[in-house]
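Please consult the sequence and the structure while reading.

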Amino acid sequence: MTEPRVHRDPAFALLSLYETALPEVYGYLLSRCGDRTLAEELTSETFLGAVRACRKEFAPPVSTGWLIGVARHKLADHWRRKAREERGLRLVHEEDYTDPWDERLDALLAREVLASLGAHHQAALTLRYVDGLPVPEVAGHLERTVHATEALLVRARAAFRRAYQEKEGRDA
């Protein structure tokens, strides 16, 4: 009589990577959202999502870089949910104009101003300028067309500039 074979859970590959990847994933998320609680929640969602992905038939190879990619998607999902909630609560009219993005910004002030913007603006600006993604990839993460993403980036830069200058004027 043959004994049944026990198949090793493919998600165990994450276990060996967990201790080294956890601070990387958490640090990535914290540096982009600035909120410890949210970063912890998204880190947890990242690893849970990674376990589910590892158990699929054609699972990707597990690495810290791959986990950062999963975290980026979780953060974009969070921003999309937050933007939907904000749209449901109020309708905001923003003027649409082109503004150069050349000035050097105080990093702490910039982070504070970014956190004060709506989720859709935070998502667009972070993916484009912090993560350095090209506009088509930003559009993919935000589930928008490239044209709509370009327009969103114009409005987000304008909103950021106004809030930055307001804050800078108050602190001066």
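This is a predicted model: local features need pLDDT of at least 70, side-chain atom pairs count only at pLDDT 80 or more; totals for chains, interfaces and linings use all residues.

Residues are numbered from 1 along each chain as its sequence is written, and side-chain values use heavy atoms, with hydrogens and water left out. Helices (H or I, at least four residues) and strands (E, at least two) are DSSP runs, numbered from the N terminus.

**Salt bridges**

- A salt bridge is a side-chain nitrogen of Lys or Arg within 4 Å of a carboxyl oxygen of Asp or Glu; by this rule, the count is five salt bridges.
- Arg32 forms a salt bridge with Asp131, and their closest N and O atoms are 2.5 Å apart. Arg32 belongs to helix α1 (residues 12–33) and Asp131 to the loop between α5 (119–130) and α6 (135–142), so this pair ties together parts that are 99 residues apart in sequence.
- Arg32 and Asp131 are both buried. Burial is defined by relative accessible area: buried means under 20%, exposed over 50%, and partly exposed in between (1.4 Å probe, protein chains only).
- Arg80 forms a salt bridge with Glu143, with 3.6 Å between the closest N and O atoms. Because Arg80 is in helix α3 and Glu143 is in the loop between α6 and α7 (146–171), the pair ties together parts that are 63 residues apart in sequence.
- Arg80 is buried, with a relative accessible area of 14%, whereas Glu143 is exposed, with a relative accessible area of 61%.
- Lys167 forms a salt bridge with Glu112, the closest N and O atoms lying 2.9 Å apart. Lys167 is in helix α7 and Glu112 in helix α4 (residues 107–116), so the pair ties together parts that are 55 residues apart in sequence.
- Lys167 counts as buried at 18% relative accessibility, and Glu112 is partly exposed, with a relative accessible area of 43%.
- Salt bridges that share partners join Arg32, Arg72 and Asp131 into one network.

**Aromatic pairs**

- Rings of Phe, Tyr and Trp (its six-membered ring) pair if their centres lie within 6.5 Å; planes under 30 degrees apart count as stacked, over 60 as edge-to-face and the rest as tilted. By this rule, the count is two aromatic pairs.
- Tyr18 and Phe47 form an edge-to-face pair, with 5.0 Å centre to centre and 70° between the planes. Tyr18 lies in helix α1 and Phe47 in helix α2 (residues 36–54), so the pair ties together parts that are 29 residues apart in sequence.
- Tyr18 is partly exposed, with a relative accessible area of 36%, whereas Phe47 counts as buried at 9% relative accessibility.
- Phe160 and Tyr164 form a stacked pair, with 5.8 Å centre to centre and 20° between the planes. They are four residues apart in helix α7, and are therefore separated by about one helical turn.
- Phe160 and Tyr164 are both buried.

**Contact of α4 with α5**

- The axes of α4 and α5 come within 8 Å and cross at roughly 140°. Axes are lines fitted to C-alpha atoms, for helices over the stretch in contact, and angles run from 0 to 180 degrees between N-to-C directions.
- The two helices, α4 and α5, are therefore oblique to each other; angles under 35 degrees count as roughly parallel, over 145 as roughly antiparallel, 65 to 115 as roughly perpendicular and the rest as oblique.
- Leu114, Ala115 and Ser116 in α4 meet Gln122, Leu125 and Thr126 in α5, where contact means heavy atoms within 4.5 Å.

**Arg87**

- Arg87 lies in helix α3 (residues 64–89) and is exposed, with a relative accessible area of 52%.
- The C-alpha atoms of Arg87 and His120 are separated by 9.7 Å, and the two residues are 33 residues apart along the chain.
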